[in-house]
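User: I am new to this structure and would like to learn how to read its features. Can we go through them one at a time?

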Amino acid sequence: MSRFFDSVDQVARRLTDAGYLPSLDIATAVFLAGHLGKPLLIEGPAGVGKTELAKAVAAATEAELIRLQCYEGIDEARALYEWNHAKQLLRITAADSADWNRTRDHVFTEEFLLDRPLLAAIRNPDPTVLLIDELDKADVELEGLLLEVLGDFQVSIPELGTVTAVRKPFVIVTSNANRDLSEALKRRCLYLHIDYPTAELERAIVRMKVPELDEALGEPVVRVVGALRELPLRKAPSIAETVDWAKTLVALGARNLTNGVVRSTLGVLLKYQADHRIAVERLALSEPESDRR
Amino acid sequence: MSASPRHDFRPGSSETLTDRLVDFVGLLREHGIHAGPSETVDAASAIVALGVENRERLRSGLAACLLRRNGQRAVFDQLFDLYFLTAERPEPATVPESVETLRERLAAALAADDQAALAELASQSLTELGGYGGAGGAGQSSRPVTTASGAGWSSYQTMKALRPEELLDRVVAGMGGAGELDSAVHTIEAQRRLRSFRTAVQTQARLRSADLRGTDYIARRGVETATDRIDFLGAREQDLAEMRRLVNPLARKLATRLAARRRKAVRGQIDMRRTLRRSMATGGVPVDPVLRARKHGRPDLVVLADLSGSVTGFAEFTLQLVQALQDQFSKVRSFGFIDTCDEITGFFTPGEPPQPGLSARIIREASVSRFGSSNYGEAFRTFADTQLDILGPRTSLLILGDARTNRTDPNLAALQAMTDRAKHAHWLNPEPARSWSTGDSAASTYAEHVTMHECRNVRQLTEVISRLSCVVL
C-alpha cells in the first residue's frame with residue numbers, strides 16, 4: 001500500500017510548506033491515519049481549520065481532493081453513485097427494438113454510472129484525499145452507508161457488484177459535533193480534536209497568513225483573541241476570525257491596539273450581540289463618552 | 001525502590017510495553033473512556049510506528065487511537081503521565097529557599113511565560129512545600145516507603161503555602177502594557193497561566209506519589225474525573241464553567257434532533273390539486289407527486305424547575321436547558337419554585353445564553369420563595385391552584401429537582417392533578433437513584449406517579465435528552 005508520509009516530522013514539514021501550521025497532535029494524527037490506513041475523524045469548534053487541514057494534506061501529498069459536503073437530506077444518490085437515466089433512455093430508444101436483450105444487458109454498465117464523491121474517490125487510481133465535510137449535518141442513514149466505504153474501502157452496486165478501492169484514499173471526516181456520530185463509525189476512524197491553538201502557534205499562523213501585519217501587532221492581536229476565548233461567550237473567535245481581524249487591522253492601517261480600534265472592529269471577532277456586551281464589559285472597552293449607555 | 005513498574009519501561013522490551021498498554025487501556029475504561037480491542041490494536045501499531053523516545057508524540061498518537069470524543073483528553077493526559085512518564089527525582093535544594101523567594105521567582109516566570117522556569121519551579125516548590133509523611137524535605141532518603149506509611153506529595157499543600165492567587169497583580173504588572181484594555185487582557189491571560197502552573201504542580205505530585213505508592217494506587221484514586229461525569233450537585237466553580245461549555249452543544253443537539261423530527265413528519269398525504277397542476281408540464285402524467293404539509297401544532301412544554309440552594313449547580317444547568325427549549329419552541333412556559341411557584345419565562349432572552357447567576361436573580365425578583373427552604377408540596381399546590389389550566393392534552397410537563405422537601409407534605413394530590421391533565425410528565429433528578437428514598441427525599445413517592453430520571457451529570461443529561469426528545473416532544 002502506498003504510504004502518504006514517512007514520519008511525523010515529514011508531515012509537519014510538508015503541511016507547513018502547503019501553508020498549514022500543524023500542532024503536534026495534528027501532525028501525529030495525520031501521520032498515523034496515513035500509516036494505519038484509517039480514516040481520520042476531526043472534531044472541533046468551527047473555524048479552527050478542519051477543512052483547511054484536508055486541503056493542506058491534499059496539497060502536501062499532491063493528491064486529488066474529492067469533497068463530499070454533507071447536508072440534511074443528502075442521500076445515496078448524491079454521495080455514492082447514480083444511474084444516468086437520461087442516457088439510459090437514449091440508449092434504449094436508439095437501439096433497435098429487436099435487440100432488446102442486448103440493450104438490456106448494456107444499460108447497466110459503467111458507461112451509464114455517474115460517480116458521486118465516495119465512488120469517485122474509491123475508483124480513482126491516483127492518490128486521493130477524500131474529505132467528508134460536516135458529517136454531523138447529514139442524517140444517520142448516511143453514516144450506515146459510510147461504514148462500508150470507510151471500513152473496507154468498497155462500495156456495493158447491486159447491478160455491477162462490489163467495487164473495491166484500487167488505491168486506498170486518505171479519508172478525512174469532519175464534524176462540528178452538533179450530533180453525536182455513531183459508535184460504529186467512530187470505531188473505524190482515528191480521532192482528532194482540534195482546539196484553539198496555543199498563543200505561539202497562533203502567532204505563527206497569523207504571521208504566515210497575514211505577513212503585512214505590523215510585527216509589533218502580532219503579539220497583542222493573539223493575546224486579545226486568547227483573552228476573548230476565556231470569556232463565557234456564545235461563539236468564541238477561532239483562527240479564521242483571528243486571521244480576518246489581522247487583515248482588518250492591516251486594512252485600517254492600525255499601528256497599535258487602542259480601545260477604540262478594538263471596539264470598532266469587534267464585529268470581525270464576535271458574531272453575537274450578547275458576546276459584544278460581555279467583551280466590552282470584561283475587557284474594559286467602553287469609551288468614556290459613551291458612559292450613559 | 002523499584003516497586004513501580006514504570007522503571008522497567010524501556011524501548012527495547014516489547015513485552016512489558018504490551019502489558020503496559022493493556023493496563024493503560026484497562027484504566028482508561030475504569031475512568032469512563034471505553035476503548036475497545038480494535039482501538040488497543042491501533043494504539044499498539046501507533047507505538048510501533050511512532051517509537052517511544054518522544055513522549056509528547058506518543059501521547060498525541062495514543063490519544064488519536066484511543067479517544068473518541070472531546071472532554072476525555074484531560075483524564076487521558078493524567079493517566080498517560082502516570083503510565084508513560086517518569087517522575088523527576090526530587091532533588092533536595094542545597095539551601096532550601098524561602099517561600100517568599102519562590103513566590104518572587106514564580107511571579108517573574110509567570111509574567112515572562114517562561115515554560116522551562118515554570119516547570120522547574122513546579123517541581124521545586126513541590127519538593128520544598130508539598131511533601132508529607134516520609135516524603136520530601138529531610139525524609140527524602142532511600143528509606144523504603146510503603147503504601148501504609150502514608151507518605152506522599154500534595155499539590156494542595158504546596159499551593160496553600162505558595163498562595164499564587166495573590167501574585168496575580170504582580171504578574172499582570174510584570175507583563176507590561178498600559179491602559180485598561182491591556183490590563184484586562186493581561187489579567188485573563190495571567191489567570192490562565194496560573195491555572196496551567198497549578199496543573200503542572202498537580203501532575204508532578206501525582207507522578208511522585210505514584211513513584212512512592214505504585215502507579216495503580218494513584219491511577220485509581222488520584223485522577224480527576226472527566227467533566228461529563230462530575231456531579232451537578234458537587235460541582236465546583238471551575239467545573240461549572242467547563243460543564244457549561246459541554247451543555248451548550250447539547251442544547252443545540254437537542255434542537256437539531258427536534259428539527260429533524262418535525263421535518264420527517266411532513267411526509268403524509270398526497271395533495272391532489274397541486275400534483276395535478278404540476279403534471280401540466282408532463283402532459284397530464286403525474287410524475288411528481290406533491291405531499292400535503294401536515295398541520296401540526298407546536299409542542300407545548302411546561303417546565304417546573306427547583307431553584308433552591310441545595311441544587312444550585314443543577315439549577316444552573318436546568319436554566320440552560322430551559323433556555324434551549326424556549327429557543328426552540330414558541331409555546332414553552334417555565335416556572336421556578338422553592339416553596340412557592342412563579343413563572344420565569346420572561347427571564348430568558350431569546351437567543352442569548354443565560355448569564356451565570358441568573359438563578360440568584362430569579363430568586364430575588366420573582367416570587368418563587370417565601371421562607372427559602374424547598375417545599376415541593378406547597379409549590380405544586382400554588383401551581384395547581386393558579387396555573388392548572390395551561391396544562392392540556394398536548395402539553396408535556398418537565399420537572400427538574402431533587403425532591404427533597406424538608407419533611408413537609410409532598411402533596412401528591414396536586415402533582416396527580418397536574419400529571420392527569422398533561423400528556424406526558426417527566427422528572428429529572430440530580431441525585432443518585434439509590435438515595436431517592438433516604439432522609440427527607442420524597443423522590444420514591446413521586447417516582448411512583450411520574451417517570452423519574454436520574455440525571456447527575458452531563459453524560460446522563462445527554463442520555464436523558466436523547467430519550468426525552470423521542471418520547472416527550
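User: How much area is buried between domain 1 of chain A and domain 2 of chain A?

Analyst: Buried area is the accessible area (1.4 Å probe) that two parts lose on being put together, summed over both. In this predicted model, domain 1 and domain 2 of chain A bury about 630 Å² between them, and carbon and sulfur atoms give 67% of that area. On the side of domain 1 of chain A, Gly19(A), Leu21(A) and Gly47(A) supply 62% of the area buried against domain 2 of chain A, more than any other three residues.

User: Where do the two domains of chain A run?

Analyst: Domain bounds come from an automatic or database domain assignment. For chain A the assignment gives domain 1 (8-87 + 113-193) and domain 2 (199-283). Their C-alpha centres lie 32 Å apart. Contact means heavy atoms within 4.5 Å, and here nine residues of domain 1 of chain A and nine residues of domain 2 of chain A take part.

User: Which conventions apply to the numbering and the values?

Analyst: Residues are numbered from 1 along each chain as its sequence is written, while chains are lettered from A and ligands numbered from 1 in the order in which they are written. The model is predicted, so local features need pLDDT of at least 70 and side-chain atom pairs count only at pLDDT 80 or more, whereas totals for chains, interfaces and linings use all residues; side-chain values use heavy atoms, with hydrogens and water left out.

User: How many salt bridges and polar contacts cross between the two domains of chain A?

Analyst: A salt bridge is a side-chain nitrogen of Lys or Arg within 4 Å of a carboxyl oxygen of Asp or Glu. A polar contact is a pair of N or O atoms within 3.5 Å; within protein, one must be able to donate a hydrogen and the other to accept it, and residues adjacent in sequence count only if both atoms are side-chain atoms. Between domain 1 and domain 2 of chain A there are zero salt bridges, but five residue pairs are in polar contact (both at pLDDT 80 or more). For residue classes, Ala, Val, Leu, Ile, Met, Phe, Trp, Tyr, Cys and Pro count as nonpolar, Asp, Glu, Lys and Arg as charged, and the others, Gly among them, as polar. The side of domain 1 of chain A that touches domain 2 of chain A has five nonpolar, four polar and no charged residues.

User: What does the interface of chain A and chain B contain?

Analyst: The area buried between chain A and chain B is about 3,500 Å², with 54% from carbon and sulfur atoms. Chain A brings 42 residues to the contact and chain B brings 37 residues. Five salt bridges cross this interface. One salt bridge pairs Glu230(A) with Arg195(B), whose closest N and O atoms are 2.6 Å apart. Helices (H or I, at least four residues) and strands (E, at least two) are DSSP runs, numbered from the N terminus. Elements that each supply at least two residues of the side of chain A touching chain B include helix H1 (8-17), helix H2 (24-36) and strand S9 (190-193). H2(A) gives the most to that side, with eight residues. By class, the side of chain A that touches chain B has 20 nonpolar, seven polar and 15 charged residues.

User: Is Arg103(B) buried or exposed, and which residue forms a salt bridge with Arg103(B)?

Analyst: Buried means under 20% relative accessible area, exposed over 50%, partly exposed in between (1.4 Å probe, protein chains only). The salt bridge of Arg103(B) is with Glu166(B), at 3.8 Å between the closest N and O atoms. The two residues are 63 residues apart: Arg103(B) is in helix H5 (residues 99-112) of chain B, and Glu166(B) is in the loop between helix H7 (155-162) and helix H8 (168-174). Arg103(B) counts as buried because its relative accessibility is 4%, while Glu166(B) counts as exposed at 51%.

User: What surrounds Asp133(A)?

Analyst: Asp133(A) is in strand S5 (residues 128-133) of chain A. Asp133(A) is buried, at 1% relative accessibility. Its side chain makes polar contacts with the side chains of Thr51(A) at 3.2 Å and Arg67(A) at 2.8 Å. Leaving aside neighbours within four places in sequence, the contacts of Asp133(A) also include Leu68(A), Gln69(A), Cys70(A) and Thr174(A).
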